[in-house]
2 protein chains.
Amino acid sequence: MTMLEVNETGTRILAAAQKVFIRKGFSGSTMENIANEANVNKAALHYYFRSKEKLFELILKEIYMILISKIKETLETKECIEDIIKELNNCCFEILSENPYWANFIMNELSTNPHYILELVIKNGRINFSVLRVLVLVRNKIFKKSYDLEYSLNFILNLISVNIFPYLIRPLIISLFKMEDANFFNFMKNRKIDSSDFVLKVLK
Amino acid sequence: MTMLEVNETGTRILAAAQKVFIRKGFSGSTMENIANEANVNKAALHYYFRSKEKLFELILKEIYMILISKIKETLETKECIEDIIKELNNCCFEILSENPYWANFIMNELSTNPHYILELVIKNGRINFSVLRVLVLVRNKIFKKSYDLEYSLNFILNLISVNIFPYLIRPLIISLFKMEDANFFNFMKNRKIDSSDFVLKVLK
DNA sequence: GTCTATAGCGGGATAGAC
DNA sequence: GTCTATCCCGCTATAGAC
């Protein structure tokens with residue numbers, strides 16, 4: 001049986017692997033952790049997915065693809081820049097409140113072992129077109145000021161920053177303000193309006 | 001000899017440990033990596049610092065303290081919020097262009113093993129006062145609008161986000177725009193003006 | 001204080017029974 | 001396909017010579 005046609009046990013292993021890898025990263029996770037989480041024997045992991053590395057690549061690719069497809073959809077279905085900003089904000093909230101560890105996972109891998117993710121980015125280059133489209137929209141909007149590519153790039157960078165970074169420091173926020181996870185996501189839900197405002201102000 | 005009075009070999013080990021831990025994280029690093037980097041024997045590491053964990057804690061604490069003291073200084077020496085914003089921006093640039101891996105290192109540890117950092121945050125609670133002071137400054141500035149604690153908090157969150165997040169995705173930016181490291185930091189240097197503008201606009 | 005040698009263990013991977 | 005047993009490497013840590 002190949003990795004592509006996976007049965008019930010295989011999917012259980014994949015789910016367990018996701019859970020473990022996402023929390024602990026590649027080098028922090030062990031095959032035993034994953035086997036226990038999936039209620040199978042260590043040998044089963046190797047039977048289905050050959051090695052730890054192969055299994056990890058599958059998980060990383062799966063998560064990356066889900067993220068990218070949602071973001072692409074968001075960037076492409078809206079017409080004006082204001083709607084895109086609001087929708088992107090919604091999109092981040094929905095993904096990351098449902099999967100609180102995804103952002104950290106991707107960032108950790110990007111910094112400790114950029115190779116995997118950079119390869120995915122290059123192979124799935126079509127996201128670039130969506131970003132380019134947003135760049136043009138931003139340029140048109142702020143063209144009056146005096147057109148400047150770097151300014152547009154910085155605008156997008158700021159947009160992404162305010163949408164993702166707060167989720168990355170969730171453990172810190174939770175600890176400082178003595179919150180529960182639920183409080184945090186509630187805070188982030190209310191914040192949606194503020195951070196859209198924040199970004200939109202710059203356009204006006 | 002204790003860990004506090006460390007001779008030349010000890011400092012060489014500390015420097016090597018910093019280099020290795022920062023790039024690979026705790027679980028991604030081995031004592032052999034560090035020993036090679038320091039040009040000493042593995043046994044020396046244990047002689048000076050007892051265990052991998054103790055050595056790691058020292059490195060983490062050292063970096064955390066440097067970061068916090070610089071940020072505190074920035075937050076406290078300036079009087080008006082506009083100056084603080086600009087100075088914070090400078091501060092991040094100076095630290096992170098000189099130590100490109102620090103931001104990622106702290107974030108990775110915060111997400112894979114929050115315990116260490118949260119303990120440091122709690123033990124060195126004095127940073128909270130500086131942040132509180134900024135919060136009050138922000139509140140006074142935007143009070144006209146209608147005072148709102150959450151709004152002020154979000155403002156600070158946005159401020160931190162645009163200052164740190166771009167450094168976190170450096171590998172991605174470098175790869176996408178086919179930059180060298182030097183180009184990236186040059187870009188970030190120019191960006192300083194834009195991102196201050198970005199944040200300041202909201203106050204106006 | 002610094003080195004070599006090695007203990008001891010945990011983790012990835014495989015062989016082989018069923 | 002699934003399990004048990006086991007191999008073997010690499011890593012932390014220590015003992016002991018010098």
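Trainee: Where does I173(A) sit in chain A?

Mentor: I173(A) is part of helix α10, residues 170-176 of chain A. Keep in mind that we're looking at a predicted model.

Trainee: Why is I173(A) called partly exposed?

Mentor: Count the C-beta atoms: I173(A) has 18 others within 10 Å. Buried would take 20 or more, and exposed would take 12 or fewer. The value 18 falls in between, so I173(A) is partly exposed.

Trainee: What does I173(A) touch, beyond residues up to four places away in sequence?

Mentor: M179(A) and F184(A). As for A17(A), I173(A) is 156 residues from it in sequence and 27 Å from it in space, C-alpha to C-alpha.

Trainee: What makes I95(A) count as partly exposed?

Mentor: Try the counting again. I95(A) has 17 C-beta neighbours inside 10 Å. Setting aside neighbours within four places in sequence, I95(A) is in contact with L67(A), K70(A) and W102(A).

Trainee: And how far is I95(A) from S69(A)?

Mentor: They are 26 residues apart along the chain, with 12 Å between their C-alpha atoms.

Trainee: Let's zoom out. Which secondary structure does chain A have?

Mentor: Eleven helices and zero strands. The C-alpha trace of chain A spans about 65 × 40 × 30 Å along its principal axes. Of the 204 residues in the chain, 34% are buried. Among its contacts with a separation of 6 or more, 62% join residues 24 or more positions apart.

Trainee: Which residues touch the most other members of the largest nonpolar core?

Mentor: A17(A) and A17(B), in a core of 90 residues. Leaving out neighbours within four places in sequence, A17(B) is in contact with I34(B), L55(B) and I59(B).

Trainee: How do you know that the two chains are related by a two-fold axis?

Mentor: Chain B goes onto chain A by a rotation of 180 degrees, with 0.0 Å of shift along the axis and an RMSD of 0.0 Å. That is the relation of a two-fold axis. The same surface serves both copies, too: 100% of the contact residues of chain B recur in chain A.

Trainee: How many residues does each chain put into the contact?

Mentor: Chain B gives 35 residues and chain A gives 35 residues. On the side of chain B that touches chain A, α9(B) supplies the largest share, eleven residues. That side divides into 17 nonpolar, 13 polar and five charged residues.

Methods
Residues numbered from 1 in each chain as written. Chains lettered and ligands numbered in written order. Predicted model: local features only at pLDDT ≥ 70, side-chain atom pairs only at ≥ 80, totals over all residues. Core = buried A, V, L, I, M, F, W, Y, C linked by C-beta atoms within 7 Å. Contact = placed C-beta atoms within 7 Å. Least-squares fit on C-alpha atoms with pLDDT ≥ 70 in both. Helix = DSSP H or I, 4+ residues; strand = E, 2+ residues; numbered from the N terminus. Nonpolar A, V, L, I, M, F, W, Y, C, P; charged D, E, K, R; others polar.
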